[in-house]
Structure formats: C-alpha cells, structure tokens
Amino acid sequence: MKTLRLIKIASFIFFGSIAGFIQAAAIYPIDQAAILAGSRFDIKIEFNTVINSGDAVIELNGMPINKIISVKPEFISNENGKGSSILYRDVQLSKAGKYQIVARAAQERSQVNWDVYATSPRRVKNVILFIGDGMTIANRTTARVLSKGIQEGKYQGRLAFDDMPSTAMIGTSGSDSLITDSANSMSAYTTGHKTAVNAMGVYVSRASDNLSHPRVETIAELIKRKTKMAVGIVSDAELEDATPGAMVSHTRRRADKQYIADWLLSSGAEVILGGGSAYFYPQSTKGSKRKDEKNLVDSFKSDGYQLAFTKQELLSASEKKATKKLFGVFHPDNMDGSLDRLYLKKNTVEQFPNQPDLTEMTQSAIDVLSRNPNGFFLMVEAALIDKFNHPLDWERAAFDTIMLSNAVQIAKEFAKTHPDTLIIVTPDHTHSGSISGVVHDEKPGSLREKVGIYAEAGYPNYPKADIQGYPNKIDVSKRIAFFYGNYPDHYETLHPKLDSTFVPAVKDESGKYVANQKYIQLQEDAIHVGGNLPTHQESGVHTADDAVLNAMGPGSEKFKGFMDNTEVFMIMVDTLGLGSK
C-alpha cells in the first residue's frame, strides 16, 4: 500500500506539472473565449522567460499552428523585461468548433480552449441597440413614477421598453474584476469578448503601449468589412467616452480620447452624433484637447459628411433626402441632461443653448441610416443616467431615463413599418440606488423623520407629466426617498439639487474626500452621512448587480433568463448573419 501511494504521488507530480513544465504567463484570447467564425482577432502567447524565436512550440488542435494559420508571427524577445512573447495579428478561424491552443518553450507550458461559433443566415435588416448607461432598476421605477404616475398601487402607463416581449438578466463582470466599468462592459457587447476595467476592443496583456494589446474585432468593424450596411453611433456623452468608443476602438485605456476620435473618423460610420467636440479640433483651436494639429471636423466634411453643431442644423441636415452621412457635435464635453436643458437651465445650458435632445439625435440617425437599402446598425447611448448616478443625483438620472424611453419609442414607431428591426434596450452595468419611501415635508421632527416608510410613505405628489413625460416641478412637498448603497462622505438634503448637479464630496487638505460643506450651508438640517467607500473616492461607484435587458423584433426571443454580457453580441451577430458562410 505504501508503495502504491508513492507511485500515486509521483504520478501526480509528473502529470500535474505536465512532465516538468510550469505554467506560462498567458495566452490571449483567454480560456473559454467564444469567437465568432470569420471574425478577426489577435493571438498572443506570453512566456515568463526569455527564449529564442525557434524555441517555442505552438500547436492548434494538435497541429503546428502554422498549418492552420497563415499569419506570420511577431516575436518579441523580452517584453518589458518580463519574458518573450509571440503575437499573431488579424487571425481568422472560419470553421466553427472547439479549438485548443498549446504553447511550450523551455520549461513552460500553457493551454486554453476556445469555442468558435458560426451564425444562422441573416434574419433582420436593422439592429438598434440602446444603452442606458448605468441604468439600474430604481432608475426605471423613478422614471415611471415621474412620467406616468401611480394610483392605488397601479402605474398609469409604462416606459417604452417596459412592454417589450423579451427580458433577460445580464451579468456584467469583466475578466479582471467582479465590478466593471463602461469600457469593458460595452466592449463585451461590441466584441463578444471579456476584457478588463478601462479597456475596450483588446485583451489586456503585459504590453506597455496602450494600443499594442491583442485586439478583437468590433461589431461596427465586422459590419463594415462584411456587409454594405450603414452604422450609426449616438451618445449624449463625449463621443470619445467609453460606450461610443467601444464601438470602434482598441486600447487599454479609455482615456486615450484623441485616438478614439481618430478611430471614429476612420470607422466609416455613416452617422456620428454627440458631445466631445474638443477632440475633433486641432490643438491650436481654443478649447481643443488634442495634442496635434489634425482637424477631424474638416476631414469629416471632406469625406462627404453633412455637419451639424446645433439642434437646428441637425434637424435640417437629417431632413434632406440627399444626406447619407451625418456628423454632429454639440458640446465640447458631455452634453447637458434633460432636466437642465428643458427646465432648470443650469449646468452649461446657458453656454450651449442649442443642444439637441437624445430623441432628436435618435430620429435624425434613423432618418439618415434608413436611406441605406442594405439596412443599418445603430447604437444610441443615454450616457448621463450613469453620470448622474455617480454623484448621487437621482432626479437628473430619472429625467434622462424618461428621455431614453422617449428615444426608444421613436425606434418602436420605426419598427411598426420596418418589422425586420431588432431593438435592444440594456444598461452596460448598474448602480446601487433604491427607493425606500416618500419624504413628507409636513412631518414633524428632524429631516430623517420626514421619510415615510411602508404605510406612512403614501405616494409622492409630483404634478402630472407633460406630453414628453416630464413633470414640470420636482421640488414638491412629497418626494421620492431615493438612497444609494455606496457613497463618499456627503450631506443628505432629501431635496433635488436645483442649482447644478450634486457634488457630494470635495478634497480636504490631506487629499481625502470629505462631505461638501456647500450643502450644510444651503440647508441647515442636512444630514451628514459618513461614506462607505475609500476616502480617495469622490462619488458613488458601479455595482455587480445584474442588468435588465429588454428586446423586441426578430431574434429577441433568444434573450431570456440569465445571460452573460458577451452573449448579447452573439445574438446580434447571429440575427445579422455575420458568422454565416
């Protein structure tokens, strides 16, 4: 028995280490990656030691990789002092099936398994993907209360995406962390691959250059390479921000906004509308954030795009039947939200009074894109839901959720006459907000005692919404009590911030974020709330809570139950037949 036990131990040591090999650093794409047949991607193998170029043995499904892949590899002798790497750019695997790649060199060995999948023939002419950035369940609920009203427990209407026939819960975690950001979560939608926080269109390797990491093709690139469809990108954030950027970009750092602007120009997308004009003008132009003298606005014009810089110019350009390509930028930074633009006239509205609404950008995009007889793919982002959730400004987030609903309704109206259109509405990730009750100003006692809970909550008394779905007053006597689950130090006022977006925390002399004294000065009974986030964090953060996706149209029936965010890409490319022969 003792001898048998020693044999088993020896066998375990031998086979457990693969005959003396140790684990290599990494292979990209990572293990369990799902890869669309015929899509382009990079393969990178990283070793922990320095080797000669001829020392590595790389096999794909048991055969030397060069028997299957004709791409000539790039050998990096010693990458950043961490070992040798081998890189294959623009690889394509056209045959669906299971693939295993094994890499060996010196005493290192590593392997990963991939699932290469094909798609059905094309089923839809158009796909419209709406992203409610950071939109959580409570944002939807507050938007419904404000825009539709509720009586005796029943809502008096629904948001445009509430009645879509298909619903799924989406997991949003990235390759490196339970908690995602918009770059890697949107990248999962646009590429079908996981990546790390702050990255888009790449796997994060040990490369030091942000643009040199192994790339994966985006859905916009696939469409442009394989079809004659049109592509549209719409956002009320900077167009160089994470969500629109992930449509076309390949970088480790979402902050590479100058390069993202360049990718937008080179993408060939027929419609590009949003903020972020500062990255499209040469650095010599006042307000420019570029580091060179490229004038991308001139380049768009010379490429045949109609240009728009105001709401009026947008509507005029999109109405012209001759307009097939449209580029519009309406703010040097992020655009203003609907509460400020339509009612309060705060933040930067006075400086930029002619910004279009997301609904107007959506309608203009559909008008232009639908002139392409081959169909279109349109991504529309309501970006400011997230940008108001971060500073705990739930009223502004609610108004922009209503705006998203209005934009979705425009797409639904289009689908009535174009039933071969798939419409998807989803967050890229979530935030931690929830509704706990109703604030009653007439209740006696301190501010916190004015929060009615359970039976004492009753209902808020916001005025009936206008035709756009917005109440014209939010600082009413009975207000939703909305609280976030993660936050820095701040003063809770239980009132909407009518002067500008909430700034919950500011840096003190030591560099830590502390509650912003402005709000105790404005409201004496404001409650000091000790933060539950690290003191270097100035605002609320994303959560790992599942995102709720709604969909309608051909292919929407595949959205059901719990799904990974990469599966959203898989369904979109399947309905478009982008992986069929």
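Hi everyone. Strand β3 (residues 33-36) gives the most to the lining of the largest cavity, contributing three residues; strands here are DSSP runs of E, at least two residues, and helices are runs of H or I, at least four, numbered from the N terminus. This is a predicted model, where local features need pLDDT of at least 70 and side-chain atom pairs count only at 80 or more, while totals for chains, interfaces and linings use all residues. Residues are numbered from 1 along each chain as its sequence is written, and side-chain values use heavy atoms, without hydrogens and water.

So, how many cavities of 30 Å³ or more does a search of the whole structure find? One. By cavity I mean a set of points, on a 1 Å grid over the protein atoms alone, where a 1.4 Å probe fits but cannot get out; lining residues have an atom within 4 Å of a point. The volume, about 50 Å³ for the largest cavity, is the space filled by probe spheres set on the points, which are joined across faces, edges and corners. Its lining includes A34, I35, L36, H193, E217 and F569.

Now to a sheet. Three strands form an open, antiparallel one in the order β22-β21-β23, with pairing requiring at least two DSSP bridges. Because β22 (451-452) and β23 (478-483) are at the edges with a single partner strand each, one side of each has no neighbour in the sheet. Strand β21 (residues 434-440) pairs with β23 over six bridges, and H440 has K478 in β23 as its bridge partner. Thanks, everyone!

How values were computed. 1 Å grid on protein atoms, 1.4 Å probe; cavity = no way out; pocket = protein on both sides within 12 Å on 5 of 7 lines; lining within 4 Å.
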